[in-house]
Amino acid sequence: MISEDISYEQLKEEIRKLKRKRSSQANLVWKRFTKNKLALIGFIMVSIIIFMAIFAPLIAPYDPYKTSPLERFKPPSKEHLLGTDALGRDVFSRLIYGSRIALEIGILIVLFEGIIGISLGLVSGYFGGIVDKLIMWLVDVLRSFPIVVLALAIAGVLGQGILNVVIALGTVGWTSYARMVRSKVLTIKELEYIEAAKSIGESNLAIIFRHVLPNVLSTAIVMVCLMMPTALIASATLSFLGLGVQPPTADWGSIIAEGRRYLLKAPWISTSAGFFIMFTVLGFNFIGDGLRDALDPTSRRN
Amino acid sequence: MKSYILRRILRALFTAFGVSLVAFMILHLAPGDPVKIMLGPYATEENVQALRARYNLDKPLHIQYLTWIKNIFKGELGTSIRYNRPVGELIKERLGPTLILTGSGLLVAVILGVLFGTLAALKKNSILDYLTTFQTMFWLSIPSFWLAIVLLYIFGLKLRWVPIAGMTSFSSTILPVLTIGLREQAWFARPMRAEMLEVLSQNYIKALKAKGVKYEKIVWKHAFKNALIPIITMIALQLPWIIGGAVVIEVVFSWGGMGSLLVGSVLSRDYQVVQTILLFISIAVVAANLLADILYSFIDPRIRTER
Amino acid sequence: METLLEIKDLKVSFDTEEGKVEALDGVNLKVKEGEFHALIGETGCGKTVTGLTILGLLDNNAKIEKGQVLYKGIDLLKLNEKQLQQQIRGKEIAMIFQDPSTSLDPIFTIKEQMFEALDNNSDLTEEKKLNLIIEELKKVKLPDVEELLEKYPHQLSGGMKQRVMIAMMLSCRPSLLIADEPTTALDVSTQAQFLKVLEDLRKETKITAIYITHNLAVVSEICDTVSVMYAGRIVETASLREIFKNPQHPYTYKLLHSVLGVETKIEELQEIPGSVPRLINPPSGCRFHPRCEEADEICKIEVPRMVEISSEHFVACHKRVIE
């Protein structure tokens, strides 16, 4: 316990010191992460997709929306790396543009569910009591639904469109964040400098924003990497089922759905689109796995 | 143990209540008048009024909810606008195929997952272990609908080993079940590996060795059984994911189950059917979790012998 | 008396995330038939590692660098896993562990687990095995044995579990028992009870034991010979009487005086300055030198050898040996 006769300034210094100790732990985690080869590969894979999304107009050999009736169902060749689709559009170009939509939706979903989940997790963990019980009940309830199924129903009622997909998946998917943040807050609450901050009379809100949130944020960043695969696959599933992004927008999920109709004639449409999804999700999974190991090295001791 | 089970039942009831609220509220998320959306833009005012009265949409929300619940308990699940048939009848038809698909898929997934996880733990840091880690991440990075399409293309269209759609014969179940099993085993392989390693590092494993028990016996009688107990809970926890995957797989394989009914109903705004199926699936998940908890308490002597 | 177990120049290291840990660095130990040999020292000095090495129970990240563990003339380090399991563990050498609450498999009954210990004695009939088990459990003074057999580990107290462990291990009639701090996790009255059980067993069975502990009171109760370990090495071995009356190694001296015994006066109680060194980068020479008041240059450079300074009294200290 901190004795009472030290001054406010000393106490602040104590708090800073204790915080520094924690940040050196963060360094150790970072070191472990960078040593993980698979995580590095994942990092490169995701970088490629991000690069592709940003520079799509430069990389894509054709206009992804330009239809050419004479070029329909051309198999992969030098002119069309991944062939053409039913309207004669270049599949490779569409897939490159698709990375924009995929990342856009993925990031929006993760942000949306992140904001809901982190706030509710913070409130739940910090205040406890009936609020905590209520939020955890809500978590239990939402977790009883398959994410895709509930999001499908919500998106179905809200109507088609990117924004509705984000809303549907966001309202359903925040529970993992809330749980993780809540348990993190519960441990942080017991730390010395929170006690100290309370003893010098900082308000709850100030403590949450100045001391708890920064600590939770590192966990949240890890969560983002862990949740990205779910967000990507779930949004692709909704598009595939015809509820998300609408044609002719170049979206991986709907390209798979379109290609499915011509599976025998032009199998390259569906298959190559799936590879793009797999590549991206695998990249995020590698990163997430590396982060998880770095944070909890006991999970793969010796 | 009684108090443990009682607590679990109570919790399941609370969750079930919440789940029914969510399923009920779905309809009211619709922008504008749900009845008009259901009936389409050319509906006569007369029809709109009739439907509104039938669903009690003119009454306050809590009355609507209570009536809805009451009717469900009476077995009156409403009428499908799309099929113009009672929802109960539709679900009854679709339940069997869905249970077969999800049940066998789950079974395959659990068996494969437990097997891979155990072997990976026993051969820790071997090629097999790394392959297991990699394959689990690989399968979980593939959308199940795409996996279904690829398998369909290879085995159905190209090799023509199995029918490409429907549920006419045993061979038509192979691909859908395989799709679920291959992908979802990844959910069990890693936890099983972790549990197995955890148990193997326990003191009692050392003590067993110290008294001269055979390695095979230590692994299969002690470590495996101890590691399997938490997996029971895992199965129930992963059930929503597996059901979610099965819904889409039903669509790809034109499997006449609840999943394809749900998707069709969502797209045609057949809300009565959507609500009922949502409720049905989520209650099944809640029940499965409760069942797992109770099963757990019977299997684990630490809870069983508790008063 | 014959030597039952002899450890010669044993070196064991561990690979950890922070680096290589030299857990044992040249351990020499002789255990004679029929004696209770205490292995004492502070936490982390390598006592448990020594015990585990004898039975080949070290974790995968451990590496035996060199040395021999001779049991009845056989080098145990040369045996493979199968040979150890079939010929040594349980039958010849048994071990009980520090924490009885985790030493039993939680999902099997005591009966089931007692029976397993007799797996290697397949010549006994089931009935004979059961009788043997009941007899063993009665020997360790457990009440209501028949009822106890049907119970699960979590239904027993720590003391009872530890007695079950002893009975289980002794039912295979080993010649050597390694007891790794068996009373540390027990409360004081249970401890006394447990030691009484051990004492009686010893009279009945003439068993040899290596008793690993940091509790000197326990040592003085039941042991004949004491080896003192420090930072992966044995620094002194002598009879119980010698060690207590005439400790030679500065560490032994301090260890004895750091404990508040009945006869120790408060003024005599000394604290050992410094702490047990981390074995990733252990001190050079005599590993105790940074904490030793008598240390000089030679102690920092050269590792002291074990030398017999009087009959059956060995010590490894530059300041005690005149060469």
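Q: How many residues does the contact take from chain A and from chain B?
A: In this predicted model, 41 come from chain A and 38 from chain B. Two residues count as in contact if their C-beta atoms, placed from the backbone, lie within 7 Å. Local features need pLDDT of at least 70 and side-chain atom pairs 80 or more, while totals for chains, interfaces and linings use all residues. Residues are numbered from 1 along each chain as written, with chains lettered from A.

Q: Which element gives the largest share of the side of chain A that touches chain B?
A: α12(A), with 11 residues. Helices are DSSP runs (H or I, at least four residues), and strands are E runs of at least two, numbered from the N terminus.

Q: What makes β1 and β2 of chain C a pair?
A: Pairing requires at least two DSSP bridges between the strands. Strand β1 (residues 3-16) of chain C is joined to β2(C) by 11 bridges, so the two strands pair. They run antiparallel. C:Thr3 stands opposite C:Lys32 in β2(C).

Q: Why is one side of β2 and of β5 of chain C left without a neighbour in the sheet?
A: The open sheet has the order β2-β1-β4-β5 (chain C). β2 (19-32) and β5 (74-75) of chain C stand at its edges, each with a single partner strand, so one side of each has no neighbour in the sheet.

Q: Where in chain B is confidence lowest, and where highest?
A: pLDDT is the predictor's confidence in each residue, from 0 to 100. Helix α2 (residues 34-39) of chain B is lowest, at a mean of 73, and helix α5 (residues 87-122) of chain B is highest, at 93. The mean for chain B is 88.
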